[in-house]
Amino acid sequence: DCYYKGLSYRDISDQFSQFYGLKISHVTIREWVLRFSRVMEKYSETIKPQIKGVWNADETLVLTKRGKNKQNTNFDYVWNVMDNKSKFLLASECSGRSRSSKDAQKVMEEAYKQNGKIPFQIIVDGYAGYQDGIRKTFRNWGNERKVKFTSIKGHRKEINNNAIESHHSHQKEFQKVRRGITNVQDYQDGFKVFHNFVRKNARQGLTPADKVGIGVKGNAWETMLLQSIKQQNSRNLTGEEKIAITP
């Protein structure tokens, strides 16, 4: 919770020492954050909000520590898809330094898998690759066209992509203190869980998960983690073992 609310690993280590008398290395805390971010994201993927309305999609750049490429840049692309009304983040995918229609297709496929239903409309920025990615994901052509594709390019007065751009601003604030990260996808997974199930809207006091009827009660981190571990342990059992423990 401290990490995704903006503290560095060293800050958290210092806080544990000052307030609880616990000497925990910042490296250990990093390992915990990465490990449990992966576990909780796998569990959250099984929770289907089934939103039928409007999605917003956009890509942004994240500073990394894995070295510069031939163009002398050290940024990775991260693609996000969000429900416009509830602000539920349906997908957050890192494509490295690639920015292509295949990357747009992948994030749309992940959003569709997470949601369980096809949206009515998808709003994107001016990048042309989104149209091809949406077409291939939803078979969105000819008589089979199911999704209204809307690009804000040249239409900013009539329509905007503010929902996802606001999310990117919040994410950049979170990343600023890190001055570059490795394991970009693991952190995206953890931030997705934090955004959807933990962070509450200041005005309404609700998480995006609460707004779509799949919120968790009590301590959200604890509940998500325990459910994640329970599901992971159940998946590792054989068929006969699952039958034996079924009430």
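Analyst: Happy to! Helix 5 passes helix 6 in a right-handed crossing (the near helix is turned clockwise from the far one by less than a right angle; helices are DSSP runs of H or I, at least four residues, numbered from the N terminus). This is a predicted model, where local features need pLDDT of at least 70, side-chain atom pairs count only at pLDDT 80 or more, and totals for chains, interfaces and linings use all residues. Residues are numbered from 1 along each chain as its sequence is written, and side-chain values use heavy atoms, without hydrogens or water.

Helix 5 brings His167, His170, Gln171, Phe174 and Gln175 to the contact, where Gln188, Phe191, Phe194 and His195 of helix 6 meet them (heavy atoms within 4.5 Å). By class, the contact of helix 5 with helix 6 has three nonpolar, six polar and no charged residues.

As for pocket space, 16 residues line the largest pocket, with Asp1, Cys2, Val33, Phe36 and Trp221 nearest its centre. Helix 1 (9-20), helix 2 (26-44) and helix 8 (220-236) each supply at least two residues of that lining, and helix 2 gives the most, with six. The lining of the largest pocket divides into twelve nonpolar, two polar and two charged residues. Here a pocket is an open set of points on a 1 Å grid where a 1.4 Å probe fits, with protein on both sides within 12 Å along at least five of seven lines, and lining residues have an atom within 4 Å of a point.

Note on methods
Nonpolar A, V, L, I, M, F, W, Y, C, P; charged D, E, K, R; others polar.
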